[in-house]
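I opened this model to look up its folds and contacts.

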Amino acid sequence: MLRSTLRPQGWARSRCLLRNAAPIHHQRELSLFSRAASAVSPDIAPRIPVTHAPGGIQQNDELLRKIFDDKNVWDIFSAPSRQRQTAGLFRNPYLRRPDGFLTYADISLKRARAIVERVLAASTVEEYRAVVRQLDRLSDILCRVLDMSDFVRVSHPDYETRLRANDAWEMVYRYMNELNTMTGLNDQLGKAMENPDVTSAWSEEEMTVAQVLKLDFTKSAVNLPQKNRDQFVELSSEISQVGNLFMQEMEPETRFTRLSNFYKPIPSVGPQASEVLRTVKDEATRRAVYIGSRTASKKCVNHLNRLMRLRSQLARLSGFESYGHLALRDRMMAKDPESVKEFLQALSTSNLPAVQQEVADLLAEKAKSNPSATTVEPWDKDYYSEAIRFSLRSKRRYDDFIHTYFSLGTVIQGMSRLFTRLYGIRLEPREALPGETWHSYVRRLDVISDVDGHVAVLYCDLFYHPEKQPNPAHFTLRCSREILEDELAEYGEMLDTDEGKKLFTSREDAANDGMAFSTQSGAVKQLPTIVLTCDFPTTSHSKNGPALLTFPQVETLFHEMGHAIHSVLARTSFQNVAGTRCATDLAELPSTLMEYFAADPTVLGMFARHYETDKPLDYGLVVDHLRQSRRFEALDTENQIILAMLDQALHSEEASNPALNSTAVYHRIQREYSSLGPDPPETRWQGFFGHLFGYGSTYYSYLFDRVLAQRVWNVVFKGGREGAALDRKNGEHLKENLLKWGGGRDPWRCLASTLREDRLADGGKEAMALVGSWGAGSHLEK
């Protein structure tokens, strides 16, 4: 019923870390899937004017930049907060001390148990009509603790606070698992859904939430006999243990690769091995290093094989043909493995001509030093692609490097101006109260709408400090939800106690645990509370200047802010479908789309300027970067297709075979789909593919959203032509048809109306194949 299970991070290329109650957790490689403008040709005007007119209020627009770029301004802005009493983390008064997490968890569990009793006691039509809203409130109460604790336990600098947050997370998570297999709640929800007098009073959003919750119960084996439910719990626990072993013991078969022409062995996995593959001319050396870096230990591969077999057993116990069928039933647009296969095969076909051209280019480059060469081997790709990229570097002399035009504050300011133009919302600096944030580097921004006023809180933890997890990430600490009068009355009683009066100022304040809320629309709504984390340097190389971002880092920040804006705009009445709690294979679309804006010349024209001279960005710098970074994007896409197909194969009926050999499966898929041929037979790269644990059967989502983002960019924003990237009507079209719904409307309907493509409306295999046929990547013109 509730989703807060942490997904592990793995050794595979991917996009970002999206953390919420329906989490998408994964490592990110900055340059991969960086898609932005449509094909960029050299005849684009090399210089674009910078617009200094702010998108919002002049004073706040300038202050927004300076609190990130000017340490003196930040010190002055943040100083007053040091004079007041502590407010608690995120202004939650329960979290003034580390042990407050346990108090908060205990209070939340008491509230949750009261709701469970109320749902189990429902007997009238009116009480059954309230069941979905009550279950959504139950989910919200628990997720408030789980999501805040999840963030704090991996990001807070204080060890005791991290420890207590972890204790709170485990306490609530155990109770959540009890609820997921509670037959009474499932039965009551079923009775409500079967009664037309009940369902006729539900909104579309409410019905969607009911269906989501019902499926969650089904996936937790709640319909099975007690003996089978016990077996389900045991299998789930074993899967978790084996999966963690797979991640923790992930290592190469040999730690070092010995090379006859090197003074000492080099690590089999890591930057040295990568550098050899890119720069060493001797093919035998590259082959040896390639084999070492692609051969996972037998122990790790055995863990993987066992994990796949256990998942197959779990699926069959639950009544599914395979784990893929089980996983894809859960908030996925694809719905079944057959539809995923249609998408991947169509995408492979669409991508093939570009791949063949790139392989031909590599072979031509190889022939310069080896005229008799007829094939490009897997260990050739990095070496010869690096040589071709080197030849693409512009001979033009620029006044400065590209990062000097992207101070962190300037980029934040630019995104705020973009959001104002597209959606009528802006980012405004807000003073944090004592104890509200977890590090002096953290900036609080309030998201302000021209129409709805204060709509969200955004905490930006963007600078490096050693205590936090290093990957760029989006954490949803709290989703949007409407709070009804009967809830407010309950919290009003709390204010009659001495303790309640010490903690809260009003019943609305108490209902939101002291955190931000709005009454702008006439209803009380808790506001989305979001954290963005990155690990940018605190200053430039001069040590006194602002933090300067490389272009991949700019794309990273735009990507993560895309997740945040999705959470901001999808302020639904039910938290189960708010923001990024949509179909999992749709969740990366808004963030990937933002990368197109990051490289659009009209968008860059609003903010990109030199941090010292204020000169506008020479767009030729961006063109050069894009040409080099995307030169072999078709081959990169092909590799991602192969990984997605491997993910599908290992979660298919094939995994029920006790003799499952994941190495044979991987090499078979490579032979069928790789233009470079398979790895040498002694390799076992799949043992490094950590996403097989965290994303069982759903890894295709990266490619799926990449294709969709490109389509939205080209259809809705006209590929950035004629200023379409800044046109308010285009932003409103995207918001009204897709973003504002979160998970509250069928995603295929949302896409069909967004893209004006009726063939998508009903979803299914045909729609998946259609999306695949559109292709991924702009394949830059030569």
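My entries below go from the whole chain to cores, strands and helix pairs.

**Ground rules.** I am working with a predicted model, where local features need pLDDT of at least 70, side-chain atom pairs count only at pLDDT 80 or more, and totals for chains, interfaces and linings use all residues. Residues are numbered from 1 along each chain as its sequence is written, and side-chain values use heavy atoms, with hydrogens and water left out.

**Whole chain.** I began with the secondary structure, which comes to 31 helices and eleven strands. Helices (H or I, at least four residues) and strands (E, at least two) are DSSP runs, numbered from the N terminus. I then looked up burial: 61% of the 782 residues in the chain are buried. Buried means under 20% relative accessible area, exposed over 50%, and partly exposed in between, with a 1.4 Å probe and protein chains only. Next came contacts (heavy atoms within 4.5 Å). Of those between residues at least 6 apart in sequence, 75% join residues at least 24 apart.

**Cores.** Which residues touch the most other members of the largest nonpolar core? I found Phe406, Ile412, Phe597 and Tyr700, in a core of 143 residues. A nonpolar core here is a set of buried Ala, Val, Leu, Ile, Met, Phe, Trp, Tyr and Cys residues joined through side-chain atoms within 4.5 Å. Leaving aside residues up to four places away in sequence, Tyr700 touches Leu328, Met332, Ala334, Val340, Phe343, Leu344, Asp585, Ala644, Gln648 and Met768.

**Strand E11.** I checked E11 (residues 529-536) for cover, and seven of its eight residues are buried. Strands pair if DSSP finds at least two bridges between them. E11 pairs with E6 (residues 453-463) in the parallel sense, over six bridges. There, Phe463 stands opposite Phe536 of E11. E7 (residues 473-478) runs antiparallel to E11, joined by five bridges. Thr476 has Ile530 of E11 as its bridge partner.

I traced an open, three-stranded sheet with the order E8-E10-E9 and antiparallel pairing. E8 (481-483) and E9 (517-518) are the edges; each has a single partner strand, so one side of each lacks a neighbour in the sheet. Three bridges link E8 to E10 (residues 524-526), and Arg481 has Gln526 as its bridge partner in E10. Helix H5 (residues 131-155) packs on this sheet, touching E8 and E10, with its direction at about 110 degrees to that of E8. Helix H18 (residues 485-494) also lies across E8 and E10, at about 65 degrees to E8.

**Helix pairs.** Axes are lines fitted to C-alpha atoms, for helices over the stretch in contact, and angles run from 0 to 180 degrees between N-to-C directions. I took H3 (residues 100-120) with H6 (residues 159-180): their axes come within 9 Å and cross at roughly 15 degrees. H3 and H6 are therefore roughly parallel (angles under 35 degrees; over 145 is roughly antiparallel, 65 to 115 roughly perpendicular and the rest oblique). The contact includes Leu109 and Val116 of H3, and Met171 and Tyr175 of H6.

Then I took H15 (residues 337-367) with H31 (residues 764-773), packed at about 25 degrees with axes 7 Å apart. H15 and H31 are therefore roughly parallel too. Among the residues that meet are Val340 and Phe343 in H15, and Met768 in H31. I had already noted Val340, Phe343 and Met768 as contacts of Tyr700.
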